[in-house]
Amino acid sequence: MNLQEKLEQAERLLNEVKEVMQKKVTRAWPQVGDTCWIYSVQGAFAYVFEGSTADSYNLNMGRAFQTKEQCEADFEARKVIYELKQQPGCERFVVGKTQWTIVVDLAECVVYQERWAQACNLQDSVWFESREAGEAAIEAVGKGRIIKAARWSSMGEV
């Protein structure tokens, strides 16, 4: 291959790369002009997505929602986790320590004993020093609220 052929091949590759870089990555939602829902301490509110840095931040952090119901469900789920973490007997995860956590299935909250050999990487895990502390937390926060929050967090069900 002579120098001219190498130059032509390089130009073709460069043009291919330019084409790929120029293609816009479009997402189904949100597009500029779409209504989004986020929440603050005052509650859920709607705004128009403009593609700004703040809009991108809310979207990338999982804080922008298509509907008011989804927005409120996420706020409530985070509130439930916060309230559980404020209950007596709730403690930080400790490697090698026997601790209890709430496990939710479709209709029940059960406090299970867990002993982990390695660090727990689950961000929203809630750990208790005793089974009784976990059961009291369920009673204080409300089994129905915990189940609903878990369903939203795991399956996106409002």
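## Reading helix packing and cores

Along the sequence, the protein runs α-β-β-α-α-β-β-β-β-α-α.

Me: What is the secondary structure of the protein, and what kind of model is this?

Reply: The model is predicted: local features need pLDDT of at least 70, side-chain atom pairs count only at pLDDT 80 or more, and totals for chains, interfaces and linings use all residues. Residues are numbered from 1 along each chain as its sequence is written, and side-chain values use heavy atoms, with hydrogens and water left out. Helices (H or I, at least four residues) and strands (E, at least two) are DSSP runs, numbered from the N terminus. The protein has five helices and six strands.

Me: How do I read the packing of H3 and H5?

Reply: Two packed helices are described by the angle between their axes and the distance between the axes. Axes are lines fitted to C-alpha atoms, for helices over the stretch in contact; angles run from 0 to 180 degrees between N-to-C directions. Here, the axes of H3 (residues 68-85) and H5 (residues 143-155) come within 9 Å and cross at roughly 120°. That makes H3 oblique to H5. Angles under 35 degrees count as roughly parallel, over 145 as roughly antiparallel, 65 to 115 as roughly perpendicular and the rest as oblique.

Me: Which residues make the contact?

Reply: Contact means heavy atoms within 4.5 Å. On H3, the residues include Ala73, Ala77, Val80 and Leu84. On H5, they are Arg145, Ile146, Ala149, Trp152 and Ser153.

Me: Which residues touch the most other members of the largest nonpolar core?

Reply: A nonpolar core is a set of buried Ala, Val, Leu, Ile, Met, Phe, Trp, Tyr and Cys residues joined through side-chain atoms within 4.5 Å. Buried means under 20% relative accessible area, exposed over 50%, partly exposed in between (1.4 Å probe, protein chains only). The largest core has 23 residues; Leu84, Ile102, Phe128 and Ile146 touch the most other members. H3 gives the most to this core, with six residues. Apart from it lies another core, of five residues, among them Cys36 and Phe49.

Me: What does Ile146 contact beyond its neighbours within four places in sequence?

Reply: Ile146 contacts Val80, Leu84, Ile102, Val104, Cys109, Ile138 and Val141.

Me: Is Tyr82 buried or exposed?

Reply: Tyr82 is found in H3. Its relative accessibility is 52%, so Tyr82 counts as exposed. Across the protein, 27% of the 158 residues count as buried.
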